[in-house]
Amino acid sequence: EGSGGGTKLASGDFTLPQGLQQWYLEVPTKRRLVGLISFLLRELVKVPKALVFFSSSDSVDFHFDLLSAACWPGMERSKKEKPSGPRFGAKGEIKMSDSESEEEEDEEDETGRIFAGTQIFKLHGNLTADQRAGFIKEFRKAPKAIMLATDVAARGLDIPTVGWIVQYDPPTAVE
């Protein structure tokens, strides 16, 4: 037994949390996206945050854009409305869409957005260190959030409020 009631591994350098549970679900390829969205919608009611791992930064960017803008059918937003979540300024600085700025006076309408009330963040190696640090900071502060990441976030992050960690893509190598 390690400190905190966890189980100490043979290597001695890591302790598993006592309440850790591992689950897996095999999903046909063409239903993976729907499965992910359904899972996140169901589980974010119970826990405030989820971390979803993807195999590449392109996949993270694709899913970030998709989940940030996804709307329920028949409730699409107008062209002037923008998805919520972090965006990059002209110099690469992070700008949250829910913050007030001189350029953006209109309050964003989340009507119809599938993940309304949930901030979505991304984290991968193609972002600058400042961008990654900013996203992590904002993710920690957010009351309800999803972090989409590559393995750049697999080690060293300690965010106690994360209720689910999802490995969306299978690992490419076993360590």
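Glu 138 and Lys 141 join their side chains in a salt bridge, with 3.4 Å from N to O. The model is predicted. Both residues belong to helix 3 (residues 129–141); because they are three residues apart there, about one helical turn separates them. Lys 141 is exposed, at 56% relative accessible area.

In total, the structure holds five salt bridges. Three of them are tabulated here.

| Salt bridge | N to O distance |
|---|---|
| Arg 32 – Asp 169 | 2.7 Å |
| Lys 46 – Glu 43 | 3.3 Å |
| Glu 138 – Lys 141 | 3.4 Å |

The side chains of Arg 32 and Asp 169 meet at 2.7 Å. Arg 32 is partly exposed, with 22% relative accessibility. Asp 169 has 11%, so it counts as buried.

Lys 46 and Glu 43 form another bridge. Lys 46 is exposed at 58% relative accessible area, whereas Glu 43 is buried at 7%. Together with Arg 42, these two residues make up a salt-bridge network.

The largest nonpolar core has 18 residues; Leu 40, Val 52, Phe 115, Ile 146 and Leu 148 touch the most other members. At least two core residues come from each of helix 1 (32–43), strand 3 (49–53), helix 2 (57–69) and strand 7 (145–149). A separate core of 14 residues includes Leu 51, Ile 136, Ala 145 and Val 162.

Beyond its neighbours within four places in sequence, Phe 115 contacts Ile 37, Leu 40, Leu 41, Leu 67, Ile 120 and Ile 146.

Methods
Residues numbered from 1 in each chain as written. Predicted model: local features only at pLDDT ≥ 70, side-chain atom pairs only at ≥ 80, totals over all residues. Heavy atoms only, no water. Core = buried A, V, L, I, M, F, W, Y, C linked by side-chain atoms within 4.5 Å. Buried < 20%, exposed > 50% of the residue type's maximum accessible area, 1.4 Å probe, protein only. Helix = DSSP H or I, 4+ residues; strand = E, 2+ residues; numbered from the N terminus. Contact = heavy atoms within 4.5 Å. Salt bridge = Lys/Arg side-chain N within 4 Å of Asp/Glu carboxyl O.
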